[in-house]
Amino acid sequence: MKPHPIRRTLAATAVLMLAGTASAGEIEVLHWWTSGGEAKAAQALKATLQAKGHVWKDFAVAGGGGDAAMTVLKSRVVSGNAPAAAQIKGPSLQEWAAEGVLANIDDVAKADKWDDALPKVVSDVMKHKGHYIAVPVNVHRVNWLWLNPAAFQKAGAKPPTTWDEFFVAAEALKKAGIVPIAHGGQNWQDLTTFETVALGVGGGEFYRKALVQLDPAALKSPTMEKVLATYKRIKDYTDKGAPGRDWNLATAMVIKGEAAMQIMGDWAKGEFIAAGKVPGKDFACMAAPGTAKAFTFNVDSFAMFKLKNEANTKAQKDLAAAILSPEFQETFSLNKGSIPVRLNVKMDRFDDCAKLSSRDFVDTAKAGTLLPSLAHGMAAAPATEGALKDAVSQFWNSDKMSPKEAMEKIAAAARTK
Ligand code: GAL
């Protein structure tokens with residue numbers, strides 16, 4: 001007997017639906033990309049996953065630098081409700097993996113030859129006991145100075161390449177009624193500025209000893225005292241609205257010409273671009289004073305959590321693979337202000353800031369001055385980094401603490417485990 005036409009259609013629909021449920025998974029992704037440029041970049045990730053037929057569940061926790069996101073993540077994991085993927089970076093990946101909550105994604109890594117496609121300094125961090133548990137997204141450079149050329153012109157000031165020049169320019173800008181430096185007084189931004197000054201004043205070797213190895217002698221040295229004095233001098237050139245300000249609002253001051261400079265990683269470029277500004281014309285980038293021959297890196301990455309549902313696990317693996325595809329690498333970093341982390345991605349469509357970053361990433365790696373950013377989770381365990389953020393911020397905010405006293409506090413914070 002021939003099947004009834006309606007029954008036949010129903011059967012076909014059922015098969016289709018089954019196929020649909022078998023391949024379409026839901027993937028919940030925790031991140032803190034909520035500013036203009038960041039949100040555009042996150043959107044690119046969402047679109048990539050949706051194009052594969054999966055459902056994106058956005059788990060955005062606002063707060064630059066990600067401290068708020070990490071607090072929320074901890075409570076979700078503790079209650080047995082981890083997202084599929086979370087923006088976790090640097091040494092803290094090892095802590096999460098040691099908890100046994102992260103998934104092994106070696107199969108995806110093998111299929112796409114991640115060991116060949118990634119710089120070793122990056123792939124090592126993505127592995128726990130030799131197995132991939134996370135996928136890197138991009139490379140941000142932290143030691144940048146962002147400038148508004150029109151503001152410099154108005155003040156007759158010269159873009160600074162040394163800290164001495166920086167203070168000369170800052171004085172001229174102040175006299176012209178322009179806020180010399182846009183700052184957001186949040187502890188991670190205080191530390192971002194601090195590490196950049198440490199690199200500029202002390203050089204690469206000092207940075208490594210003091211802020212990566214946390215060597216007590218370097219942390220309590222005459223060089224450190226000079227770094228702290230220089231750092232504190234910058235505060236005279238920030239405005240009254242700085243305390244508590246979000247980093248992207250500080251960038252907006254430079255965009256509008258209310259302020260002339262910002263010391264910030266190149267996610268700030270994402271803000272300029274999202275506001276329709278043209279690099280080299282409306283805004284300029286240069287290595288922060290004294291840091292042209294070094295590179296503090298900040299690699300964004302997503303850790304993958306163990307999942308039970310098969311379709312969702314498939315979606316998770318698709319996400320991991322898509323993140324390292326050359327097309328996504330390009331689109332994402334064009335929006336985010338970063339450079340691709342995958343080797344040999346074409347840089348034709350990138351601006352001069354990104355091209356410089358890409359060249360310097362390679363050159364500094366050879367010269368031994370490619371350094372992990374302390375303020376962005378690349379150098380120390382989260383507890384140590386947190387204590388250092390607080391100690392540096394206390395010094396920044398205090399009217400009384402001397403650089404000598406600050407050195408003691410910072411050295412003590414460095415011992416936090
Ligand atoms: C960094 C993160 C960047 C950027 C920035 C501000 O830690 O790596 O991707 O978004 O925070 O939120």
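1. Ground rules. This is a predicted model, in which local features need pLDDT of at least 70 and side-chain atom pairs count only at pLDDT 80 or more, while totals for chains, interfaces and linings use all residues. Residues are numbered from 1 along each chain as its sequence is written, and side-chain values use heavy atoms, with hydrogens and water left out.

2. Domain 1 brings 20 residues to the contact and domain 2 brings 18 residues, where contact means heavy atoms within 4.5 Å.

3. The domain interface. The size of an interface is often given as the accessible area lost when the parts come together. Here domain 1 and domain 2 bury about 1600 Å² between them, with 58% of that on carbon and sulfur atoms; buried area is the accessible area (1.4 Å probe) that two parts lose on being put together, summed over both. The count between the two domains is one salt bridge, a term for a side-chain nitrogen of Lys or Arg within 4 Å of a carboxyl oxygen of Asp or Glu. Asp351 and Lys269 also deserve a look: they form a salt bridge with their closest N and O atoms 3.1 Å apart.

4. Nonpolar cores. In soluble globular proteins, nonpolar side chains tend to be buried together. A nonpolar core here is a set of buried Ala, Val, Leu, Ile, Met, Phe, Trp, Tyr and Cys residues joined through side-chain atoms within 4.5 Å; buried means under 20% relative accessible area, exposed over 50%, and partly exposed in between (1.4 Å probe, protein chains only). The largest core has 61 residues, of which Leu73, Ile88, Trp114, Phe302, Met304 and Leu319 touch the most other members. Strand E11 gives the most to this core, with six residues. A second, separate core of 55 residues includes Ala170, Phe206, Val392 and Met407.

5. Around Trp114. Which residues does Trp114 contact, leaving aside its neighbours within four places in sequence? Its partners are Ile105, Val108, Ala109, Tyr132, Ala134, Val135, Ala320 and Leu324.

6. Helix H16. This helix covers residues 326–336, and Phe328, Gln329, Glu330, Phe332, Ser333 and Lys336 are buried in it. Helices (H or I, at least four residues) and strands (E, at least two) are DSSP runs, numbered from the N terminus. Among the elements covering the buried residues of H16 are helix H2 (36–51), strand E6 (134–141) and strand E11 (295–304).

7. The disulfide. The whole structure holds one disulfide, meaning a pair of cysteine sulfur atoms within 2.5 Å. Cys285 is joined to Cys353, with S to S at 2.2 Å, and the link is left-handed, at -110 degrees about the S-S bond. The two cysteines are 68 residues apart, Cys285 in strand E10 and Cys353 in helix H17. Cys285 counts as buried at 19% relative accessibility, and Cys353 is buried at 4%.

8. Salt bridges. The search finds 18 salt bridges in the whole structure. One of them pairs Arg76 with Glu28 at 2.8 Å, N to O. Arg76 lies in helix H3 and Glu28 in strand E1, so this pair ties together parts that are 48 residues apart in sequence. Both Arg76 and Glu28 are buried. Glu408 and Lys220 form another, with the closest N and O atoms 3.6 Å apart. Glu408 sits in helix H19 and Lys220 in the loop between helix H11 and helix H12, 188 residues apart. Glu408 is partly exposed at 46%, and Lys220 is partly exposed at 39%.

9. Arg245 meets Asp239 in a salt bridge at 2.7 Å, N to O. Is Arg245 buried or partly exposed? Arg245 is buried, at 13%, whereas Asp239 is partly exposed at 21%. Arg245 is also touched by Gln189, whose other contacts include His183, Trp247 and Met264. Gln189 lies in helix H10 and is buried, with a relative accessible area of 2%.
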